[in-house]
Each structure stands twice: as structure tokens, then as C-alpha cells.
Amino acid sequence: MDFKTLDAMELTGKTALVRVDINVPFENGAVSDFTRIDAVLPTINDIVAAGGKAVLLAHFGRPKGQVVPEMSLAQVRPALEARLGKPVAFAADCIGKPAKDAVLAMEPGDVLLLENTRFHAGEEKNDPMMAAALAALGDIYVNDAFSAAHRAHASTEGIARLLPACAGRLMEAELTALEAALGNPARPVVAVVGGAKVSTKLDLLGNLIEKVDALVIGGGMANTFLAAQAHPVGKSLCEHDLAETARVILDKAEARGCRLLLPVDLVVARDFRANAPSEIVTECPEDAMILDAGPESVSQIAALFGNSRTLIWNGPLGAFEIEPFDAATNAAAREAARLTREGGLVSVAGGGDTVAALNRAGAAGDFTYISTAGGAFLEWMEGKTLPGVAALEP
Ligand code: ADP
Ligand code: MG
């Protein structure tokens, strides 16, 4: 992966068009989580500190090419000003006269937020006219929205082909971490793939088997693999129709020399609810369901982590939202955190529920990198080219 960073760009006096992801959640009319805003502050601050003008391009919600007042980025502006600690100007359109006038009024060190790019149908169509209209506003393009990089849109892909382009600090950190985990990792590499269903993660399993030395399969998807090996799974979440697919994956792993680790003991319960009576078994009873991996499985996973130098993780090992079925996920996460803290392991994780599970385990802070990019992270793990990243490559 080859891309420029802010360090390679002349910023002083220049207008930098910065694609950010500030698609933040709202509760009772106020921003309820500042994570995405805080994540782009280093890029904005670096441009400002160098005497550049930072013009922010972003989407908000899914207005589908229409002006939808409820999805105006004007609502995000106060939170942006508060976190940045300085005023942010706003333009009521991201292209055309309102945008041009607002850019003309900027002084070096100023920050301007443009209205929702998705108010124009040309954004999601990656219309060349839309990309050109955006590019006309500035001197350079900075992409700091890895989480939007799996979509070829005018503000993520088209514009990058029209201006000198580079990665912002967040994009740079994300690409560097991902490269360290799968691109050119320290070996052995272990991957954990858990979560609900095999069907949503087939491409991911296929790609990982080619690249990693060991693969831990957990969560509901492990049940499909166990069933494919003729183990009883009772009333567990299981995609019985994917038994053949699971067997193909097992064979492929063996042919590739990728060690595959399935749970050897199971935590089962009769009900899917918090504190449902549970037991540890090696075979799931007919009337029970598998909700977590057992302690022997956790020991095996921990030993595997201890013998690895890189860990990449997507998907919890059990139904982590309800106690005590978060035990395996918590224990494995804490072991990965400990090994990372001690310097022996590079650990990278991503996925909506995975990030929640690692936070819940108190382990997220010690991981080398936690990707909050969601869909873009998964597509990258699947080995797909992300158009927004590809457009930054020379
Ligand atoms: P991510 O969002 O990190 O990609 P997924 O959405 O694939 O992860 O999977 C998370 C979900 O999988 C959680 O809601 C969790 O409860 C569920 N899950 C994990 N193990 C089981 C299981 N044994 N039975 C039922 N659901 C499970
Ligand atoms: Mg999920």
C-alpha cells in the first residue's frame, strides 16, 4: 500500500478539502457520541497549524440525493466547534455559489463545514460533474474517512483523481494498522472470526484462510461448523444448509496449512436470556443451545495467542450481550490485551459488535488498533480493494 500523508503536502495558505466521517448518533437533539468527531481532529488541527484552510466534506444519514432538512450537517456544527475549540463556518450547499463564497471568505487557519454531500444524487453515483464541482473548491484533497472508503462516491473517489491527494491522520493510522495485521504481518498470525452467522462472513473466512496461520472460529458460526462435523447442536443458532460450505472451508484450511480451532467445550442453556441456568458440556443436549465457548476452549485460544505475534479479530465468541455468556469473549479479549501490553502481540480488531464486546471486556484500550470503520473494515478483511483507498495510490 502506497499513499501520501499530510507530511508530504504543502499546506500553508492552501485550501484542503478534507473528507471526514462525522455521521454521529443523536439522542434528544444532541450528539450522543463524539468518537467520530474526535477521530478527525488531528487532521484538522494539523492543517490549521500549518496555516492551511480546512474545508470539511461529509455525509450525514441517507438522504438519497434529496435535500432533507433533518439530515443537515448544520446540526453537527456545534459539536464540532466544541470539540475543536474554535469556530467552524458553515455553507448551506457543498458545491456551487454558497460553497464558493464560503471558501472565499476563509483566512488561513479557518475551518469550514460544507452541507451534506448526499443531498446531491451525483455523490453516490460518483458523477464526474459532482466530483469536478467539489474539486473546484480547493487546492488539495485529504481523505480521512476510511469508514466511507468502501464506497466509490464523488467525495471519496472521484475527487481524489482530480487534485493532489493524501491520507489524513486517521486514514493513515487505519491503513498502517491494517497493513501490520494482514498486509505484511509479523508471523505467526492468528485470526478470530466469531459472531452470529457463517453466511455473512464467507468471503472473510475465504480470504483469511489464505493469509493467516491459525483461525479461531467462535460464536454462532462455530455451531454451523460443529454440525457439519456431525456434532449435535440441539436448538443452537445454526445454518444447517451451509454444512457443505463449512466442510469446504475446513478442507481448504487443511490444504493451506491454516490451523482451524473450533470450540472443544461448550456453555449451553435452555433459554436465551441473562443468567439462564447453564452448564459446560462437550456435546450439546437436544433441548439446549450453545451460547458460549467453554473454559478448555478459552485455554486453547489463550495458548494460541501466546504463540502468535499478530492477532486480527472480528466477531464475539459467544452471546456476549447477556451474562454469563460473555465469559469466553471477555477472557480471550483480556488475554490479547495483556499480551499486547507486554509487547509480544500486535492486535487489531473491528466490527460493530466486536468493538462493543472488547469495550465491555475492558480490553479495547490495550489493543494495538481498534477499527471503528464497520463495513469498510469487513470489506478490507475480505481482501477487497477499497475504492477510496485505491484512489490515493499514485
Ligand atoms: P460484528 O458486528 O462484530 O461483525 P456479528 O454481528 O457477526 O459481529 O456477531 C455478533 C452477534 O453474534 C452478537 O449479537 C452475539 O450475540 C451473536 N452470537 C455470538 N455467539 C452466539 C451464539 N452462540 N448464539 C447466538 N448468537 C450468538
Ligand atoms: Mg454485528
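Start with Leu-56, which is buried because its relative accessible area is 0%. Buried means under 20% relative accessible area, exposed over 50%, and partly exposed in between, with a 1.4 Å probe and protein chains only. Leu-56 sits in strand S4, residues 53–57. Helices (H or I, at least four residues) and strands (E, at least two) are DSSP runs, numbered from the N terminus.

Before going on, the ground rules. This is a predicted model, where local features need pLDDT of at least 70, side-chain atom pairs count only at pLDDT 80 or more, and totals for chains, interfaces and linings use all residues. Residues are numbered from 1 along each chain as its sequence is written, chains are lettered from A and ligands numbered from 1 in the order in which they are written, and side-chain values use heavy atoms, with hydrogens and water left out.

What does Leu-56 contact, leaving aside its neighbours within four places in sequence? Val-18, Val-20, Ile-44, Leu-80, Val-111, Leu-112, Leu-113 and Leu-114. Contact here means heavy atoms within 4.5 Å. From Leu-56 to Gly-109 it is 53 residues in sequence and 13 Å in space, C-alpha to C-alpha.

Next, helix H9, residues 219–228. Of its 10 residues, 10 are buried, so H9 is largely enclosed by the rest of the structure. Among them are Met-221, Asn-223, Phe-225 and Leu-226. Which elements do the buried residues of H9 pack against? They pack against strands S9 (189–193), S10 (214–217), S12 (266–269) and S14 (289–293), and against helices H8 (202–211) and H10 (243–256). After H9 comes Ala-230, with a positive phi near 70 degrees.

Now helix H12, residues 327–341, which contains Thr-340. Thr-340 has a relative accessible area of 13% and is therefore buried. Beyond its neighbours within four places in sequence, Thr-340 is in contact with Leu-345, Ser-347, Asp-366, Phe-367 and Thr-368. Arg-341 is also in H12. Is Arg-341 buried or exposed? It counts as exposed, because its relative accessibility is 55%. Arg-341 lies 42 Å from Glu-123, C-alpha to C-alpha, and the two are 218 residues apart in sequence.

On to the cysteines. How many disulfides are there? The count is zero, where a disulfide is a pair of cysteine sulfur atoms within 2.5 Å. Cys-238 is in no disulfide, and the nearest cysteine sulfur, that of Cys-284, is 10 Å away. Cys-238 is buried because its relative accessibility is 18%. Cys-166, at 0%, also counts as buried.

Last, the whole protein. Its secondary structure comes to 15 helices and 17 strands. Of the 394 residues, 55% count as buried. Among contacts with a separation of 6 or more, 73% are between residues 24 or more positions apart. The C-alpha trace spans about 70 × 45 × 40 Å along its principal axes.
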